[in-house]
Amino acid sequence: MPAPRITVIGGGAVGLASALRILERFPQARLTLLEKEPRVAAHQTGNNSGVMHCGLAYRPGSAKARLAVRGIRQLISFCQEHAIPHDVCGKLVVASREDQVPRLHDLLERGTANGLRGLEILPPERIREFEPHAAGAAALRVPEEGIVDYPAVCETLARLIERRGGRVVLSAGVRRLALRGGEWIAETTQGEFVADYLVACAGLQADRIARMAGEETSIRIVPFRGDYYRLKPEREFLVRNLIYPVADPRFPFLGVHFTRMIRGGIEAGPNAVLSLAREGYSRTALHPRDALDALAFPGLWRFLLRHASMCWSELRRAFSKDLFCRSLQTLVPEVQPEDLEPAGAGIRAQAMTPDGRLVEDFAFLTRRRAVHVLNAPSPAATACLAIGEEVAAQLAAIL
C-alpha cells in the first residue's frame, strides 16, 4: 500500500493531537495540517482558562467521560515528558446552599463511576483547609484536576508533527473542498493541497467545513462567548487554586468560577452569552455571516425559549460587574467589585440540534475518505491526545 496522503484541517489542540496520533499510527503517511491563522491555538484552545478537566460531571459511558479521564492522564504525562508548565493542584466544587449538597453526592457517584481517584465531600470546616477564603454548605474535592499552558502544549505538538515528517502550514484558510477521482482537493489561501484522506478538526467552523466537504449535517455550531475578570494582584490571596460552583442542572454551562492561571494570576468567570461572531472576543463583536447563521437557525430560538430566564440572567451579568461579583461571592464572600479588573474572553463552539438542544457529547462523523470532529467543546483540550487516538482509529477503519 502506498503512503497515504492525509490533510488535517485545524491547528487547535484536537487537530494537532489528531495529526500526531495519526503519524504515530501510520509513520509512513504524508500528512499536512492546515491552520487558517498565523499561529496554532489561536481560538478555543488558546483562549480558555487553562484548566485540565478530569471527567467529573460527564455521563458515565459517554465519549466525554471516557476520553477526559484517559486524556488528562495522557496530557499530564505529555507535559512531564516535554517540560510543559502544568500543576495538578486539585479543585473544589462548592455547594453554597444546603439544597445543593445532594448534587455533590451525584457528582461523587459520577466521578467514581468514571474512574476518578481521591474524591471526597468536605464539611464546611474542612473547606478552608484547601481554600481559606471559600465558604459553603459542603464541597467536593477533586484532587486530579489541574492547570496547564495549552498554547505551549500546541506548540510542542506542532514541533513533534514536523519532527515525524508532517507539515504544519499556517495562514492556510480553507476556501473550498472537493472530492475528485478519489482525491480531496483543498483550495486555501496558501494554494491547493491534494490528499487521499481528509480529517477535519475545525472547532468553531466545524459545521461549515463539513458542509464544504459535502456533508448534510443538521447540527449547527452556535458560538457562546465567555467573559473573564481577574483578581487584582493584591487580592489574589483570596484563591489558592480552582473553586467551582455546583452546576445548575437547568442550564448547560458550569457557572462562573475561580481559576489560578499557570502563568500567574487568578481569573474569574466565564459567563455564557450568545456571540454574534464566531471568532469575536469583545462584547460588541459582530460578524454578519455568523450573526445570520445563528439568528436564522430555529434551534437557537428554541434553546433561548427553553432557557429564557437563565439566558437573560447571563446577559445582564455580562454587562454588570456588580452582578458578576455577586455570583462570585457565593464561592468567596470576601471578593468585592473593586477587586476585579477585566480580563480576556473565550468562545465555545457548541453544536446545537434543530430542536434547540445542545449536543452534549463529542461527535464524530466518518465517511469513506473523511473523518469529521463535529462537536468538541470543553473538555476537548484536556482530552485532545485521547481524542486524537479516537480519530486515528476511525481513520484506520477507512484506510
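Biologist: Why is arginine 21 called buried?
Modeller: The model is predicted, so the value is computed from predicted coordinates. Arginine 21 has a relative accessible area of 14%. Buried means under 20%. Arginine 21 therefore counts as buried.

Biologist: What makes arginine 21 and glutamate 389 a salt bridge?
Modeller: Their closest N and O atoms are 3.9 Å apart. The cut-off is within 4 Å, so the pair qualifies. The pair links distant parts of the chain. Arginine 21 sits in helix H1 (residues 13-25) and glutamate 389 in helix H11 (residues 384-396), 368 residues apart.

Biologist: Is glutamate 389 buried, partly exposed or exposed, and why?
Modeller: Partly exposed, because its relative accessibility is 30%. That class lies between under 20% and over 50%.

Biologist: How do you know that aspartate 99 and arginine 97 form a salt bridge?
Modeller: The closest N and O atoms are 3.0 Å apart. The limit is within 4 Å, so this pair counts. Arginine 97 is partly exposed, with 43% relative accessibility.

Biologist: What about arginine 357 and aspartate 355?
Modeller: Their side chains meet at 3.8 Å, N to O. Within 4 Å is required, so this is a salt bridge too. Arginine 357 has a relative accessible area of 47%, and aspartate 355 is at 39%. Exposed would need over 50%, so both are called partly exposed.

Biologist: How many salt bridges does the structure hold, and which residues form a network of them?
Modeller: The structure holds 28 salt bridges. Asp207, Arg208, Arg211, Arg278, Asp290 and Asp293 are linked in a network.

Biologist: How many disulfides does a search of the whole structure find?
Modeller: It finds 0.

Biologist: Which residues form a nonpolar patch on the surface?
Modeller: Trp312, Leu315 and Phe319, with about 370 Å² of accessible area together. Tryptophan 312 lies in helix H9 (residues 308-318).

Biologist: Why is tryptophan 312 called exposed?
Modeller: Its relative accessibility is 53%. Exposed means over 50%, so tryptophan 312 qualifies.

Biologist: Now the whole fold. How many helices and strands are there?
Modeller: The protein has 11 helices and 21 strands.

Biologist: What makes the protein as compact as a globular protein of its length?
Modeller: Its radius of gyration is 21 Å. The globule rule gives 21 Å for 399 residues, so the value is close to the rule. The C-alpha atoms fill a box of roughly 65 × 45 × 35 Å along the principal axes.

Biologist: What share of the 399 residues is buried?
Modeller: Buried residues make up 58%. The protein exposes about 16500 Å², with carbon and sulfur atoms supplying 51% of that.

Definitions and conventions. Residues are numbered from 1 along each chain as its sequence is written. This is a predicted model: local features need pLDDT of at least 70, side-chain atom pairs count only at pLDDT 80 or more; totals for chains, interfaces and linings use all residues. Side-chain values use heavy atoms; hydrogens and water are left out. Helices (H or I, at least four residues) and strands (E, at least two) are DSSP runs, numbered from the N terminus. Buried means under 20% relative accessible area, exposed over 50%, partly exposed in between (1.4 Å probe, protein chains only). A disulfide is a pair of cysteine sulfur atoms within 2.5 Å. Patches are made of residues with over 30% relative accessible area and no salt bridge: like charges are joined within 9 Å, nonpolar side chains (Val, Leu, Ile, Met, Phe, Trp, Tyr) within 5 Å. Accessible areas come from the Shrake-Rupley method with a 1.4 Å probe; for residues, only the protein chains shown count as cover. The radius of gyration is taken over C-alpha atoms; the globule rule is 2.2 Å times the number of residues to the power 0.38.
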